[in-house]
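Subject: Structure for you to look at

Hello,

The sequence and the structure are below. Please open them side by side and read the notes that follow.

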Number of protein chains: 2
Amino acid sequence: MAKQKKQPRPKAETPKGFRDYFGAEVVERQTMLRKIGEVYHRYGFDPLETSAVETVEALGKFLPDVDRPNEGVFAFQEDGGSDDGKWLALRYDMTAPLARVAAQFRERPLPGQEDSLPSPYRRYTMGPVWRNEKPGPGRFRQFYQCDADTVGAPSVAADAEICAMLADCLEAVGIERGDYVVRVNNRKVLNGVMEVAGLAGDDKEAARGIVLRAIDKMDRLGAGGVRDLLGDGRKDESGDFTKGAGISSANADKILAFVQATAGDNAATVSNLKSLTEGSDIGTQGVSELEQIASLLAAQGYGPDRIIIDPSVVRGLGYYTGPVYEAELTFDVQNEKGQTVQFGSVAGGGRYDDLVKRFTGQEVPATGVSIGVDRLLAALHATGKLKGEDAGPVIVTVMDRDRMAEYQAMVATLRNAGIRAEVYLGNPKNFGNQLKYADKRRSPVAIIQGSDEAARGVVQLKDLILGAKLAEDATLEEWKSQPAQTEVAVADLVAEVQAIIARHK
Amino acid sequence: MAKQKKQPRPKAETPKGFRDYFGAEVVERQTMLRKIGEVYHRYGFDPLETSAVETVEALGKFLPDVDRPNEGVFAFQEDGGSDDGKWLALRYDMTAPLARVAAQFRERPLPGQEDSLPSPYRRYTMGPVWRNEKPGPGRFRQFYQCDADTVGAPSVAADAEICAMLADCLEAVGIERGDYVVRVNNRKVLNGVMEVAGLAGDDKEAARGIVLRAIDKMDRLGAGGVRDLLGDGRKDESGDFTKGAGISSANADKILAFVQATAGDNAATVSNLKSLTEGSDIGTQGVSELEQIASLLAAQGYGPDRIIIDPSVVRGLGYYTGPVYEAELTFDVQNEKGQTVQFGSVAGGGRYDDLVKRFTGQEVPATGVSIGVDRLLAALHATGKLKGEDAGPVIVTVMDRDRMAEYQAMVATLRNAGIRAEVYLGNPKNFGNQLKYADKRRSPVAIIQGSDEAARGVVQLKDLILGAKLAEDATLEEWKSQPAQTEVAVADLVAEVQAIIARHK
């Protein structure tokens with residue numbers, strides 16, 4: 001007989017760059033997304049859930065994140081057959097699918113309905129996106145995005161609305177007022193400043209690109225480094241030289257003045273920007289838009305304690321075409337080096353007017369925001385609002401395997417009262433294992449009923465949270481005065497368990 | 001100058017076999033999943049969210065669904081580089097990732113935690129899965145699964161628990177008691193019947209496979225067709241011949257008696273099964289397990305009005321190793337041919353004892369259920385519990401573009417009172433378009449304030465639902481007696497809008 005060849009066993013591992021989420025991690029994220037969704041919904045935004053897969057053709061190149069221009073998508077080819085083996089890919093953000101949907105259903109009816117999309121179309125969406133890039137620490141290839149966009153509304157009222165909504169979202173998930181600020185800038189103001197600084201015209205496109213990349217490095221390089229990049233260029237510590245935009249020192253001053261134009265209040269900032277853009281139509285228009293946004297928001301009660309005009313917001317300026325906004329958390333945290341820093345950005349967005357142009361040729365204005373779900377969760381952990389703990393179930397232990405039906409009846413009574421509860425379903429022989437299991441599940445209460453207790457119509461309740469505390473630091477007196485284990489009548493089971501759980505809330 | 005080559009525009013289309021979900025569809029599914037998740041959680045199950053991507057190696061071949069054995073996965077190769085270009089794929093169900101996680105974290109600590117998985121491990125999960133198969137009508141390549149499994153609990157108490165939980169889930173989402181039944185069968189009973197029918201032994205494996213496939217066709221072929229397949233074989237209408245299991249007519253009777261053993265109540269069914277499996281240890285054990293499940297469930301109040309022992313459940317018998325369960329909705333619907341039929345299956349599951357064996361060599365018992373999310377949504381639509389409609393926002397119309405800040409303040413007041421509301425952000429010039437938009441959004445109320453109303457401190461409220469009704473069938477008298485448009489003081493805005501919305505609930 002031929003010897004059967006033994007197959008090597010597959011390795012049980014999460015693919016590189018991906019993550020699994022357990023228990024409290026899932027609950028916390030779901031809860032946060034639900035709260036954000038409720039705010040989006042209240043603002044009149046409609047949910048949209050597109051498929052995770054798009055044709056590569058429809059996906060195109062749409063990445064807003066200039067920091068990572070070379071990253072790819074996970075793509076695969078359709079099986080041939082009668083089809084032509086079309087390439088499909090996992091979505092890498094939520095904007096590309098929105099563009100496809102907006103182009104597809106602007107005039108055609110939605111599947112199974114009579115109507116096409118309304119215009120303006122406000123939609124929100126939340127779900128995973130995928131990036132085919134080298135995994136690194138804290139950088140994952142699948143992560144959540146949670147976006148809201150308004151398509152087809154040219155008015156800056158649409159931008160103002162999204163800024164207000166963003167503030168509401170942050171408060172809805174537990175960020176206190178005063179711990180965040182939404183900063184607003186405008187690409188048109190920068191365009192105006194560039195015009196004033198002699199960077200208008202088709203032949204200056206390359207220089208304008210260098211300026212955009214330079215001011216995006218303000219945080220990292222400071223004004224000096226950015227000035228070098230605006231002028232002749234900059235040699236970094238390794239000796240590598242980056243070519244500059246080659247503009248005069250006076251014009252570089254104007255660009256830097258723009259980035260640093262933030263004043264004590266919105267009116268003063270606007271006044272700074274007005275003088276910086278004097279003589280440029282686009283710049284004047286941009287400043288006026290910022291003024292309008294601030295006034296629309298003030299009318300709704302969103303003052304500069306929550307939303308401020310801030311030309312130092314440069315992230316995304318290269319991508320967006322009008323107003324740009326970013327939500328920052330202003331409380332302090334320790335960074336990896338032990339330094340105290342502000343928590344920083346958790347959401348950003350802006351206006352982009354070429355959403356569906358690739359598909360239809362039409363210019364359709366759009367503005368939208370993306371909330372960084374993982375960053376925001378980290379912030380809520382940093383403030384102690386989230387603890388990474390889920391409420392464990394009450395455990396009904398099994399003293400006597402033959403009375404499983406009674407234990408099941410007990411647990412059903414608890415559940416019917418809304419209490420999370422389960423019967424221990426491992427091997428019940430070793431009672432210590434049952435209590436170890438209860439600990440691992442962070443169970444608040446273990447319920448014990450041997451045949452003796454059953455005969456007397458009682459159960460033992462073991463308060464596991466108190467028990468753990470006593471085991472840690474109680475004196476003998478304390479042990480005696482507040483016993484972690486009590487005997488109660490079966491009829492009082494629900495009320496007594498509820499009392500123990502309430503005591504530890 | 002060289003003429004620039006014009007790129008053809010990409011086509012805006014949902015990839016073949018995929019779907020987009022809009023508005024109410026998303027809300028309804030999310031609400032349903034949340035309700036099911038709450039039941040799972042109350043039973044002590046912990047949420048798990050694995051990555052959508054698995055290594056092809058870990059994924060293996062695990063498909064439970066024998067109807068579609070040839071379907072594939074969407075797979076792609078890692079970029080080479082230092083790595084060896086590993087193949088990855090989108091998960092095709094939730095069981096394969098559970099097997100990987102259970103093997104990976106049985107003894108190793110969870111990421112960022114001290115503890116490994118508890119044992120038993122009860123977990124639930126909900127999310128999309130992907131199948132690379134030819135799309136067809138109503139057959140999609142991405143769909144939701146919503147599973148709960150218990151890993152490491154050998155006792156049938158774990159199976160009983162899942163049956164009870166399944167009943168609770170159906171009621172939680174709005175299926176009335178009496179409109180569903182959970183049917184329970186056991187693979188071991190079938191094994192026992194096969195043994196009694198002379199189909200034991202390694203040399204009969206092929207015949208047992210034919211028997212399994214034959215009884216799985218009971219619904220379609222009826223007892224006569226199945227009997228042919230158990231015997232010499234069957235010629236179908238097209239003349240194609242399917243080879244039979246070749247067992248004697250007396251033994252075929254035994255198999256058919258098993259499938260048809262359902263009696264008036266569980267006790268009578270058990271009695272039938274006992275005589276059919278007499279002489280087979282495995283069969284006797286299987287019948288005893290069914291008895292235990294019924295008695296455990298009865299102790300918790302789940303009687304045969306909700307959960308019944310039913311040997312006619314054959315779906316999944318080929319895959320599972322012990323108890324098998326299926327939830328069926330028993331109310332009538334019209335099928336595509338206009339016939340009145342029972343709605344049928346919406347969930348199924350069972351016990352399988354080789355979950356992690358591929359990875360670790362250990363036999364770890366597991367039992368679990370998968371709820372067919374789309375089927376259940378369809379059922380809720382069929383019963384009228386879901387209407388496919390989301391509550392539209394109140395629309396604040398724009399009569400006067402310059403007073404946008406006031407409209408924004410108005411809408412903020414409504415939202416702060418918890419009312420879904422938005423300002424019209426399209427071009428306000430044509431007022432008819434604003435009302436058309438409000439209709440498309442299924443808005444309950446439009447708010448109108450021109451400068452005249454503003455001066456008097458009032459707004460006009462247009463009851464759009466009443467308006468639509470009147471427009472359809474009202475007499476002139478009715479128009480006059482219940483005007484669809486009323487004038488109210490700005491101070492009463494919230495209360496009056498709430499009153500209109502409440503009136504139409």
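Helices (H or I, at least four residues) and strands (E, at least two) are DSSP runs, numbered from the N terminus. The model is predicted, so to speak of a local feature takes pLDDT of at least 70, side-chain atom pairs count only at pLDDT 80 or more, and totals for chains, interfaces and linings use all residues. Residues are numbered from 1 along each chain as its sequence is written, chains are lettered from A and ligands numbered from 1 in the order in which they are written, and side-chain values use heavy atoms, with hydrogens and water left out.

Chain A as a whole

Chain A has 18 helices and 19 strands. Its C-alpha atoms fill a box of roughly 95 × 70 × 60 Å along the principal axes. The radius of gyration of chain A is 30 Å, whereas a compact globule of 505 residues would have one near 23 Å. That radius is taken over C-alpha atoms, and the globule rule is 2.2 Å times the number of residues to the power 0.38.

Of the 505 residues in chain A, 53% are buried. Buried means under 20% relative accessible area, exposed over 50%, and partly exposed in between (1.4 Å probe, protein chains only). Contact means heavy atoms within 4.5 Å. Among the contacts in chain A with a separation of 6 or more, 67% are between residues 24 or more positions apart.

The two copies

The same surface serves both copies, as 100% of the contact residues of chain B recur in chain A.

Helix H5 of chain B (residues 187-196) has 7 of its 10 residues buried, so it is largely enclosed by the rest of the structure. Among the buried ones are Val189(B), Leu190(B) and Met194(B). The buried residues of H5(B) pack against elements of chain B including strand E8 (180-186), helix H6 (205-215) and helix H10 (281-299).

Ile465(B) lies in helix H16 (residues 464-473) of chain B. Its relative accessible area is 35%, so Ile465(B) is partly exposed. Beyond its neighbours within four places in sequence, Ile465(B) is in contact with Pro444(B) and His504(B).

Backbone details

Most residues other than glycine have a negative phi, and most peptide bonds are trans. Two places in each chain are worth checking against that.

The peptide bond from Ser119(A) to Pro120(A) is cis, with omega near 0 degrees. Pro120(A) lies in the loop between helix H3 (95-104) and strand E6 (121-130) of chain A. In chain B, the bond from Ser119(B) to Pro120(B) is also cis, with omega near 0 degrees.

Arg442(A) is not a glycine, yet has a positive phi of about 55 degrees. Arg442(A) sits in the loop between helix H14 (431-440) and strand E17 (445-448) of chain A, and is partly exposed at 46% relative accessible area. Arg442(B) also has a positive phi of about 55 degrees, and is partly exposed at 49%.

Regards
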